[in-house]
Amino acid sequence: MTTPSLVLELKQVCKHFPGVKALQDVDLRLFAGEVHALLGENGAGKSTLVKVMTGALAKSSGEIYFNSQNCSFASPAAAQQAGISTVYQEVNLLPNLSVAQNLFLGHEPRRFGLIQHQKMQQQAQQLLLRFKLNIDVSAPLAQYSVAVQQLIAIARGVAMSAKVLVLDEPTASLDSSEVQMLFDVMRQLRDQGVAIVFITHFLDQVYQISDRITVLRNGSKVGEYLAADLPRARLIEAMLGKELQQLTHQAATTTPAAAELLLVLNNIAVKGSISGISLTVAQGQAVGLAGLLGSGRTEVCRAVYGVDALSQGEIQFGGRTLRLQQPADAIKAGIALCPEERKTEGIIGPLSIRENIMLALQARRGWWRYLPVKQQQQLAAFYIDKLHIATPDAEKPIEQLSGGNQQKVILARWLAINPQLLILDEPTRGIDIGAHAEILLLIKSLCQQGMSLLVTSSELEELVAFAGKVVVLRDRQKVTELSGDTMTAPHIMQAIAEG
Amino acid sequence: MMSVRYLPLWITAALLCLMFGIGGWQFDGFASLIVVSNLFSDNAFLLIVALGMTLVIISGGIDLSVGAVIALSGVAASLLISQYQWHPLLAFALILPVAALFGALMGVLIHVYKLQPFIVTLAGMFLARGLATTLSEESVAIDHSFYDAIAEFGFVLPGGGWVGASTMIFIVLLLLVIVLMHYSRFGTYVYALGGNSQSAELMGVPVARTTIAIYVLSSVLAALAGIVFTFYTFSGYALAGVGMELDAIAAVVIGGTLLTGGSGFVIGTVLGVLLMGVIQTYIIFDGSLSSWWTKIVIGLLLFGFILLQKLLSRRTALTTAARSTAHG
Amino acid sequence: MKQTQSCTDSLQQARLARYSPGSIKASARYLWPLAALMLLLAVNLVLDASFFQLSFQDGRLYGSLIDILNRSAPVALLAIGMSLVIATGGIDLSVGAVMAIAGAVCANLLLQTALPLALVIAAGLATGIAAGLINGTLVSYLKIQPIVATLLLMVAGRGVAQLINQGQIVTFQRPDFAWLGTGSWLGLPLPIWLVIGMFALSQLLLRRTALGLFIEAVGCNATASRYLGINDKAIKLFVYAFAGFCAALAGMISAADIQGSDANNAGLWLELDAILAVVIGGAALSGGRFSLLLSVIGVLIIQSLSTTIIVSGLPAKFNLLIKALVVLLVLLLQSDKFRRQLSSWLPKLRKWRKGGQI
């Protein structure tokens, strides 16, 4: 390779949302003819960075140089015009149009103003042959697998003569042979001088294809590395936090061995997601679920909460076998869930804090036995006070609160019905530092009060700090279970990395 | 897999043939070119409106105003011709651009102000119907040599069927709309909007222009249908075409177009209107069946087609889901 | 039960806590619709000094205001049901047709059987609930878009009503049933009492239980509602059944009013008026908060508008046109973008006017 030229450079880019600093002084260098992996856990700022880079979001400060020229794109269309194409995880094409139409939408070959379908299909066929795809281009896109759709999306990007190609989690839904097909294309493009940004959470793939790696954590750049120089363990360390070695396990919650088992998952599976997972949670025990994004941790939570139906295995709770059809059944049994997607699955935005706090209690009382408004107000006031929810009054719509305060309201909602098992899926994700610490303290105190917890988190030191046991997941399967002395962040990381 | 897209279309065509066959088997003179040509000439205005409705629905919208626009254009035409002594062609030349403006207004409200098509076109329906009643509450008769000429224009088919001006206008419009939908960028954009308007915008579809053009086309076609309706009745009446929007929507759905947008064919809608027409003809031929059975049968047909579409979309959703998860 | 125990514990704790009554604000959203109604009534008063005059004859009040209330009764009943459907993010196009079916059922029972009044009314209401359950099942269990699902009954329903009537206008001579539409009680026409009664009952049912809150929660975020234990499908089923019930009641009033059932015209296009009334009352078609009072005010605005047009001496034919313009204005005012444009134009306009004056 000759000396590579810098195509795209981000300098000190910041992006602030109200109450949250999503990106802080992030630098990124992108050279022609390289595959540059952009890594980080959920909430690290990868997608925000991509959006700033491709004009979908405006940066708060900092500079972007494209071909050594200072520029900022007003819209994804403008970025595409300049030669930066993005392919998202959810394929952003039109499933109802044919493959050829998708490839040439807005650029169809025409004669006398009429589209020349034959010519367009020939050109589409030729374009896809470059990607070793020989398919019927006149069939609707929806007929093809996600892998093929992804390749078609990339082909569209290339047909627009891309100099920079951003691939956001392109392999999330591909099988290994399809991944190889995609990698072949990526190598081919790289050799043609295209700069590729590759976002993924599959570390094996990172090492297979990337030349350079940039790691983000909590909205800041951790470092830029050459893939060849970075051992896997150090990569995970960079992604999950630097000072892990120094953290010691505060065995705050040593569960008596004789404690009764509350939750027993017996070899459960959900069609199309997790398979063969067994784990136990004892009365008053906090169990951590560790694993990278996509490892199946959220899916386990959803299965235990009755969102997804089991295809195999059984869930025992308090000695009884649960037959869960919907979350209401789980709640009736004494299980509660703080979901990871707070905005779409947790809060009911336009309703007030008071209503958001009392709704679960009300749902369990049934529609008939309405909680008197005065009691609702007392309940809300009590939890606003107890959990330090920062709000002028309880009648404010919850959507106007910051993420941390919203999370506290959801916790309050469940505390009001005092479940036996509380499932916390990424309880501190996307939460400002102050509220972060408070929520951790709250979880710890719940633990000490004897509530059983099942917690997923990508912040390993948090897990280690209060969990009595950590279950490690990888590729939607259970890898190992760590407790006692072996339950340290490095051990967990090793388990995540190697299985 | 390929055939799944066309399945509703085939079913409608098969039902049409079946109804026609049953009618022809039961009644003398049912299976004749006279009945077929009457199907077209009696339903020409509905066919024309349904063309526009197909466009709107494929784009993911809905247009409730078309019935009222038919009435408005009919009343306006008959007033201009009878009361103000305009030449019909001159009257049409005024009415069509005004209808375009009306459609553009609705398109702007929908796109720029992000209001729901349902409620905007509902207001449009009141506005057009209100304008029509304001112009004249009574039916206005048209007496003009041009109309007599139009009535005589046409040719006789071998079996005695008559292809008149209305049928010819419809066929020309049908060809134009088919070319527009399948051989122009605009047509692709209409499908794109119905597929996923956000993706379409990301892919560079001019959403504003397309949305407005869709409603302009729908209103212009409705105004044309109103004019064709005056050829049929020799009058304009403010209460004409009440509920026509529902007939058009029903025909579109029966013709295999998804009400959620993104998929469907103009020709399917034509088959849908014809199927509804054949059912009506059958009931008339039978004589003992009452007219309300038309509504009930059309309701049941609608239900059947919606269930069919639900099944088809669930099947494709399942197969893609199974594929994507199997790969993960 | 251990859990109910712990629930009451947390309530007990809460009761002991610092408690300051929060202010549940009567929000500003009542302002605009009420102001519009007041304005219309004021215009009426200016146009016709006797507008607010009421006279008392034969044990019944007469006057323009009473007329407005009486004429709005069927749409008001529909709007009460429609408010709930729209609150869940749905729409019910079939209520007009359901009115016709319920009217037809009652008329035929009255004509052909000697059933007591209560049973006839019960049969009519049951018809409405059954129709609503069909809609609700299509929407919540078969997951068909509400517009499409209720379009079915809108199209087929009128045919069913005609089938019941065998295509005739079925008339009956039953003063007890006709009383529902033409009678009066305590000086007010019975339809007004029925609306008041239905409004009060619904208000009790929705706001004295958690049902109203559950409906709003489902309308705002159905997934989150399911995640916290609300049965969102049952809620949706309920609102359509409720709308069917209201439609049946409205259908019986209009059948009683003409002492007969006209399957072609009973409740024709009233579903659109009901939807408009709810929208004018400030509800978003995407679902969320609802207010029955605002919906009824919306109905009164529509009805007063028609009266204003008549009182003002304008021919009745302007009725629809003016209604359309008012609706367009209300729609625009509800659009965020338009309000932003308006607020950016207003200062400019003021500045421009000032400049002109100097």
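A:His388 is exposed, with a relative accessible area of 54%. That is past the cut-off, because exposed means over 50%. The residue comes from a predicted model. A:His388 sits in the loop that runs between α13 (373-386) and α14 (403-415) of chain A. Its backbone stands out too: phi of A:His388 is near 50°, a positive value in a residue other than glycine. Most residues other than glycine have a negative phi.

**Other loop residues of chain A**

A:Asn67 also has a phi near 50°, again positive and again in a residue other than glycine. A:Asn67 belongs to the loop between β4 (61-66) and β5 (69-70) of chain A. Is A:Asn67 buried, partly exposed or exposed? At 38% relative accessibility, A:Asn67 counts as partly exposed, because that class covers values between the 20% and 50% cut-offs.

The C-alpha atoms of A:Gly484 and A:Ala467 are separated by 10.0 Å, and the two residues are 17 residues apart along the chain.

A:Ala44 is found in the loop between β3 (35-39) and α1 (46-53) of chain A. Its relative accessibility is 4%. A:Ala44 therefore counts as buried, since buried means under 20%. Which residues does A:Ala44 touch, leaving aside those up to four places away in sequence? They are A:Ala22, A:Leu216, A:Arg217, A:Asn218, A:Gly219 and A:Ser220. A:Asn218 is 174 residues from A:Ala44 along the chain, yet their C-alpha atoms are separated by 4.5 Å.

**Chain A as a whole**

Chain A has 17 helices and 22 strands. Its radius of gyration is 25 Å. A compact globule of 499 residues would have a value near 23 Å, so the chain agrees with that expectation. Along the principal axes, the C-alpha atoms fill a box of roughly 75 × 50 × 45 Å. Contacts also reach across the sequence: among those between residues at least 6 apart, 66% join residues at least 24 apart.

**Chain C as a whole**

Chain C has 15 helices and six strands. Its radius of gyration is 23 Å, close to the 21 Å that the globule rule gives for 358 residues, so chain C is as compact as a globular protein of that length. Its C-alpha atoms fill a box of roughly 70 × 70 × 40 Å along the principal axes. Among contacts between residues at least 6 apart in chain C, 77% join residues at least 24 apart.

| Property | Chain A | Chain C |
|---|---|---|
| Buried residues | 58% of 499 residues | 53% of 358 residues |
| Accessible surface | about 19,500 Å² | about 15,700 Å² |
| Surface from carbon and sulfur atoms | 48% | 66% |
| Charges | 45 positive, 45 negative | 26 positive, 13 negative |
| Distance between mean charge positions | 4 Å | 17 Å |

**Two helices**

What span should helix α5 (residues 117-141) of chain C have? With 25 residues at 1.5 Å a residue, the helix should span 36 Å. Its end C-alpha atoms are 35 Å apart, so the model agrees. The buried residues of α5(C) include the glycines C:Gly124, C:Gly128, C:Gly132 and C:Gly136. Also buried in α5(C) are C:Val120, C:Ile121, C:Leu125, C:Ala131, C:Asn135, C:Leu138, C:Val139 and C:Ser140. An α-helix has 3.6 residues a turn, so residues three or four places apart point the same way. Just after α5(C), C:Lys143 takes a positive phi of about 55°.

Chain B contributes helix α8 (residues 165-183), which has 19 residues. From first C-alpha to last, α8(B) reaches 26 Å, close to the 27 Å expected at 1.5 Å a residue. Which residues of α8(B) are buried? They are B:Ala165, B:Ser166, B:Thr167, B:Phe170, B:Leu173, B:Leu174, B:Val177 and B:Met181.

Methods
Residues are numbered from 1 along each chain as its sequence is written. Chains are lettered from A and ligands numbered from 1 in the order in which they are written. This is a predicted model: local features need pLDDT of at least 70, side-chain atom pairs count only at pLDDT 80 or more; totals for chains, interfaces and linings use all residues. Side-chain values use heavy atoms; hydrogens and water are left out. Helices (H or I, at least four residues) and strands (E, at least two) are DSSP runs, numbered from the N terminus. The radius of gyration is taken over C-alpha atoms; the globule rule is 2.2 Å times the number of residues to the power 0.38. Buried means under 20% relative accessible area, exposed over 50%, partly exposed in between (1.4 Å probe, protein chains only). Contact means heavy atoms within 4.5 Å. Accessible areas come from the Shrake-Rupley method with a 1.4 Å probe; for residues, only the protein chains shown count as cover. Lys and Arg count as positive and Asp and Glu as negative; His and the chain ends are not counted. The place of a charge is taken as NZ of Lys, CZ of Arg, CG of Asp or CD of Glu. The expected span of a helix is 1.5 Å times one less than its number of residues.
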